Amino acid sequence: MMLLIKNGYMIDPKSGREGKFDILTEGDKIIRIGRNLPGVEEAGSVIDAEGLLVAPGLVDVHVHFRDPGFPEKEDIVTGAGAAAKGGFTSVVMMANTKPNIDNVDTLEYVIRKGRETGIHVYSCANVTVGMQGRELVAMEELAGAGAVGFTDDGIPLMDEKLVSEAMERAVGLDMPLSFHEEDPQLITNNGINRGRASAFFGIGGSPREAEIGLVKRDLELALKTGASINIQHISTKEAVELVRQARKKGSNIHAEATPHHFTLTEEAVMEYGTLAKMNPPLREEEDRLAIIHGLVDGTIDMIATDHAPHTGEEKAKPVTEAPSGIIGLETALPLAITELVGGGYLTMGQLLRLMCTNPANLYHLNAGYLAENGPADIVLIDTGAEVIPENYVSRAFNTPFTGWRLKGKVVKTIASGKIVWEDQ
């Protein structure tokens, strides 16, 4: 089947090419990009993208689809649906499912389920068996079975020798390691910043030092071993600066920021309660601005949602008992357009590098760009249209952003040449 997208304003963040171009796809590939492509309108379906931005399908390298183990929160099908609505055509699942993705059987299960969705669902495997931090998984075997990287996201790795060994093995596989950097020995109550927020709730909270120390350790190990690493959901100004300095010394250092960490501060958890509780926690205004400046200067080279669905019953528990995390796939793009582009920090082309090209490059995915013979993964965006988050496709609704007035509506999402989401 052929599909023609005409009259849209195209931005390809990989090549820097932008302007008014038509795109012709056939099957799962883009076959032509040009102006006023002749004689193709009768070849198949036609989408008039006049007034819309035509961009590569977004890539999210940090999602929790809770399958297997917790289908009441989300499963791979509902998670993929939320991704498509948000403009994402490629996502990378985290491995803290139940059972964990520390074995080939579970990995093959999630890959197989991912193929049943309309988008591209990839998965990391764990770094350690059972996420216990004591024994490395069979990394070579899991890589051969289709894992795109390794992470124990949700639980930090405390054994420095084990981390170093994992990095050395990952170098041999040319695969990235992603790290959740929170030292549990320093945390009294997770998900709440130690500061005004913890004082508000009368609890100990999570100090910034819990992140800083582990980030420093892992950056030093990565520079020593040459491993490709990703500092996940960075939350402190000190960690941003540590990454900035490390990137001057090595090209394999990467970091991601979430929309909630560049939009909100600890004030939000005081206002929204557990709906704004997450690990690492929302911190102070100086941290939020440092994260934005890190995105601007390339210190932080990816935006990732850390999409973390939970049930309403779980989030209704007291703040010290409710799980951390918020959903993010359906709000990430409008938050980024509103806060970063609308705020004058980034151009749309720069934002798309952070949400398409760079995340795809980390995990060696054939995604995040628009080119002839490239994947027909495309999103059409009305950058000026108002978006009010509600009526989620995700099975969960744990987010403080419901009802906010944002800019940037996903009009159509196309994956492998097929429309997988369209706004009605």
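User: What conventions apply to the residue numbers and values?
Analyst: Residues are numbered from 1 along each chain as its sequence is written, and side-chain values use heavy atoms, with hydrogens and water left out. The model is predicted: local features need pLDDT of at least 70, side-chain atom pairs count only at pLDDT 80 or more, and totals for chains, interfaces and linings use all residues.

User: Why is threonine 399 called buried?
Analyst: Buried means under 20% relative accessible area, exposed over 50%, and partly exposed in between (1.4 Å probe, protein chains only). Threonine 399 has 3% relative accessibility and therefore counts as buried. Threonine 399 is found in the loop between strand 14 (378-387) and strand 15 (406-415); helices (H or I, at least four residues) and strands (E, at least two) are DSSP runs, numbered from the N terminus.

User: Which residues does threonine 399 contact, leaving aside its neighbours within four places in sequence?
Analyst: Contact means heavy atoms within 4.5 Å. With those neighbours left aside, threonine 399 is in contact with Leu275, Ile326, Ile327 and Tyr392.

User: What makes the pairing of threonine 399 with phenylalanine 401 a polar contact?
Analyst: A polar contact is a pair of N or O atoms within 3.5 Å; within protein, one must be able to donate a hydrogen and the other to accept it, and residues adjacent in sequence count only if both atoms are side-chain atoms. A polar atom of the threonine 399 side chain lies 3.0 Å from the backbone nitrogen of phenylalanine 401.

User: Why is helix 7 called roughly parallel to helix 10?
Analyst: Helix 7 (residues 237-247) and helix 10 (residues 285-297) pack at an angle of about 25°, with their axes 8 Å apart. Axes are lines fitted to C-alpha atoms, for helices over the stretch in contact, and angles run from 0 to 180 degrees between N-to-C directions. Angles under 35 degrees count as roughly parallel, over 145 as roughly antiparallel, 65 to 115 as roughly perpendicular and the rest as oblique. Helix 7 is therefore roughly parallel to helix 10.

User: Which residues make the contact between helix 7 and helix 10?
Analyst: Helix 7 contributes Lys237, Glu238, Val240 and Arg244, while helix 10 contributes Glu286, Asp287, Ala290, Ile291, His293, Gly294 and Asp297. By class, the contact has three nonpolar, two polar and six charged residues. Ala, Val, Leu, Ile, Met, Phe, Trp, Tyr, Cys and Pro count as nonpolar, Asp, Glu, Lys and Arg as charged, and the others, Gly among them, as polar.

User: Is leucine 365 buried or exposed?
Analyst: At 10% relative accessibility, leucine 365 counts as buried. Leucine 365 is found in the loop between helix 13 (348-362) and strand 14. Leucine 365 touches Val59, Val92, Tyr122, Val148 and Ala360, not counting residues up to four places away in sequence. The C-alpha atoms of leucine 365 and tyrosine 122 are separated by 9.2 Å, although these residues are 243 apart along the chain.

User: Is asparagine 391 buried or exposed?
Analyst: Its relative accessibility is 66%, so asparagine 391 counts as exposed. Asparagine 391 lies in the loop between strand 14 and strand 15, and has a positive phi of about 50° although it is not a glycine.

User: Is histidine 233 buried or exposed?
Analyst: Histidine 233 has 2% relative accessibility and so counts as buried. Phi of histidine 233 is near 30°, a positive value in a residue other than glycine. Most residues other than glycine have a negative phi.
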